[in-house]
Structures are given as structure tokens and as C-alpha cells.
Amino acid sequence: MQLTELFREMQYTGTLPEGEASVVIRDSRKMKPGAVFVCTKGARYDSHDYAPTALEEGAALVVTERPLGLEKEVVVPDSVKAYALLCHNFFGRPAEKLRLVAVTGTNGKTTVTFVLKQILERAGYRCGLIGTIRSEVDKMEIPAKFTTPEPWDLDALFSRMVGAGCTFALLEASSQALAQLRLYGLQFEVGAFTNLTQDHLDYHKTMENYYAAKRSLFDQTKTAVINLDDPYGERLIKEIPDQQVVRYSTSLDEAEITAKNVELRAGGVQFEMVGRDFIQRVKFPMPGSYSAHNALCAGGAALALGIAPEIVAEGLTNSSGVRGRCEVLYSKKFTVICDFAHTADGIEKILSGLAPFVRGRLYVLFGCAGERDATKRHAMARASLKYADEIILTSDNPRSENPYHILEDAESVLRTGGKPYIVEVERRRAITKALALLGEGDLLVLCGKGHEDYQAIDGVTIYLDEHRIVADWLREAGLSDGN
């Protein structure tokens, strides 16, 4: 792409040299001839120091935030924002050819985006999806490295969606991505807020910073779909008075969309989805009271996009669910469920939703992540004690932190909880020990991994798929084809 076209409508000082850009990068490890290298300053390094080397290695241009006196250099007010805009321009601004929807919040983002895609497909649209489990371009699946990719990868996906004839692009907007301006320059037709509970404080440091990151999405949003039952949702509504807002609730009649006559069952949740001028019966095939909120959020976003209420209800009722989100791995003699719950709130939500339907004993297996907010560990243990009859404590991505120290943090709460528990550092063995405990009518919830098929230990990524571990155990126990 010609440099003059790449910098179309960009604010900069300096003179663009003649020539073309082969790529836009800000990671010096990806340097190649013809690249436009964008210098950014991070917490640990400042890539302005690399700018002269980038030119020596064949960069067509360097973009800086301060004059460096280099021959091929332009200066911009904010290089992080400039990087996003340059990526948009390089790919021909594909996002402007799509109807964008972003979902943010601590829990529920993945479920809401997947279910919304299923609703829109039922309405006859082709959709793209970008999120934690994977990205999708219509029916094609693409592995995901980050929940919300960097601008270059994001625009590459948007471009593929446009080429595949997609109308909508649905994104999970993570708090880190919002804080790092990965979505800068994009305009969303709908932005949805699910909830906010303690998470990612290792990055954001305070809940106020965490909320501010989530809040920033709605500066780029035309219509906001917000959970009125969440305290932060109430606050958000008050802070965006000039924006069109669709509120959803399972209890408050002032919301634009409510769930009435909610019936919680082991196989899902049933309710009447009530709007200002419609009532639709929904049988959502994911259990737990929080599933009603997720269904309302996806339904509210679809309604805001102009989908008819009856199509929304059909899409919710016929949803195929989401891998690793309250996913039933086995349900005959006993039941085994896999879920991504990795916070105290996530564990609380899934266990409280399932506990009323357990005929036998409720078992929960969980671990606490290493090199993350350590204050979550006590809270996760307390949430497990509140509902489980027995607990299996294990590892969940200890990374470079000593896994036994992590276990001790959580076990210090379990010791005084009055419930039986098992501590097993190796997660595969922990799962098989938990499965061996199960009897008629019991329920085991595997918390933390969800869709993930790996364990991160001391800089090494080890394959670990709970779906396969459970399937292998059931087959060896002679239970895979019977009771």
C-alpha cells in the first residue's frame, strides 16, 4: 500500500517518503523490509530505541511520538492510537463494511457472543466472531491467541469476514484490550455489558481501573445493552445518559427486557422474555440462574439489531450451547459438567444454579491461577465451601509460581470450612480421583478450564483436555455407552 494512502486522514508531522508499506508493525521481532514500524512506549521497554535499527533493516518508515532526527520519520500525538488507525487503513477499513457488536464484562462474554451469533444465523445472516475460545468467519473456525486481538490481527479477521460475505462481526471486548486501545477507531452498533466482579486486578490494580476499562467501550457504541441487576450496570447507565440504552433484568420491571416466570431446571432455564410490546417463551438449554441473564443479554443485543422477537426466542431455545460453558460431559448414572468459572463470582454462579437439582452429592474441582491476583484464592475457596458437599483442590495454570504455595493459599480457607476436601496438585490425577468418588445422582463440576486444553507450568504449555480425560475415564469404567 502506498504510504500516502496508508496515512489517509491521519494526523502527523513530517514528510512521508515515496514508496509502499508491506506491513504495519510495532513488534521489533516481526521486522521485515518495507514495514512501517510504529514506536510505542510500554511498561518495560520503549521501542523508540529500536527505530534507527528498524530503518537499517529496511523499514520504509518509522512512526514516533517524539522527534528522533531520523531520515524516514513522522511524528504522531499518540503512537498506540496511530497504530490502530494505520492497521485499519492498511486493510481498507473493513470494519466499516460490517455491523459491529462488542460484549464486555467479567463473566458471560463468550456465551453471549456465541448465542448471539446463533440467533443472527437463524435470522439468515452470515456472521464473524472473535473471542476467547476461537474466532469464526462464517462457518470457518480459527484458533484464538487472545480474547481480543491486536489491531493488525483484528483487521485481518474483519477483512476475511467481509470477503466471506458476513454482515455482522461479534467481539468479546476484554478489559486489557480496552485499556490497551486495541479497539481504538472502531464504532460499534451495539455494546453489551454483562456484569463486573473482581478479576484481573493483577493488571488493573483496582476495581475502579477495571471498571473504567470496561466503561470505555461505551464511548464507541451507538446502543448499549446493560444488565440492570448488576450494581456496575446501574452505574454505567447513569454515566452514559446521551446513549440509547436497552436494560435487561430478571427481577426489575423498569427494564426494557425482563425474564418472567423463571424456571430453573437441570437441563436449562425456562422463562418468558417480556418486552414493551411482546412476550416470547424461551427454553434456554444452559442451566443456572445466570444463564437467564446471558440469554437476555444475547436476546437484547439481537433485538437492538432489529431481529424480530419471535426469531430471537427461537434462536435462544434452539441454541447449541458453548464449549466449556456449563457444558455437560456426561449425565447418566451421575453428571459431570465442565465450566470456565475461574473467579469466586463464576464459581458462585454456577454452583448456586446447579445445587437445587442435585439428587446426590455436589462435588466441585477448582484451582487458582499462578501469577495472577492472589486475593481471589480465598474468595474462590469460600464460594466452593458455600455450595459443595466435597471439594477437590488442584492446579490451574500455575505458570512460574510455586503450585504448592497457590494450593496453600486456598487450602487455608478449606481447613476451617467444615467440608471434606482433597488436595491434588496434578490436575489429571485430581480429575480421576474426583470421578472415582461419584455415585448415583451425584454431580461433579470441573471449574476453571472450560474450553482450554492446556496447563501452563513454569514456562511450558502442557496438553490437558478435560473433555478427553473424562471420556477416557468413562470408557475405562465401562460407562461411556451405558449407565
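**A helix pair and some salt bridges**

Helices α3 and α5 cross in a right-handed sense. Keep in mind as you look around that this is a predicted model. The contact between the two helices draws on Tyr 83, Ala 84, Cys 87, His 88 and Phe 90 from α3, while α5 brings Pro 151, Trp 152 and Asp 155.

Two packed helices are described by the angle between their axes and the distance between the axes. Here, α3 covers residues 79–90 and α5 covers residues 151–163, and they pack at an angle of about 25° with axes 9 Å apart. Angles under 35 degrees count as roughly parallel, so α3 is roughly parallel to α5.

Now for the charges. Side chains of opposite charge can pair when their charged atoms come close. In this model the count comes to 39 salt bridges. One of them joins Glu 136 and Arg 134, at 2.8 Å from N to O. Are these two buried or exposed? Both Glu 136 and Arg 134 are buried. They also belong to a network of salt bridges that links Lys 117, Glu 121, Arg 134, Glu 136, Lys 139 and Glu 141.

Elsewhere, Arg 29 pairs with Asp 27 in a salt bridge of 2.9 Å, N to O. Arg 29 has 74% relative accessibility, so it counts as exposed. Another salt bridge, between Asp 253 and Lys 260, has an N to O distance of 2.2 Å. Asp 253 is exposed, with a relative accessible area of 52%, whereas Lys 260, at 29%, is partly exposed.

Technical notes:
Residues numbered from 1 in each chain as written. Predicted model: local features only at pLDDT ≥ 70, side-chain atom pairs only at ≥ 80, totals over all residues. Heavy atoms only, no water. Axes fitted to C-alpha atoms, helices over the stretch in contact; angles between N-to-C directions. Helix = DSSP H or I, 4+ residues; strand = E, 2+ residues; numbered from the N terminus. Parallel < 35°, antiparallel > 145°, perpendicular 65-115°, else oblique. Left-handed = near helix turned anticlockwise from the far one by under 90°. Contact = heavy atoms within 4.5 Å. Salt bridge = Lys/Arg side-chain N within 4 Å of Asp/Glu carboxyl O. Buried < 20%, exposed > 50% of the residue type's maximum accessible area, 1.4 Å probe, protein only.
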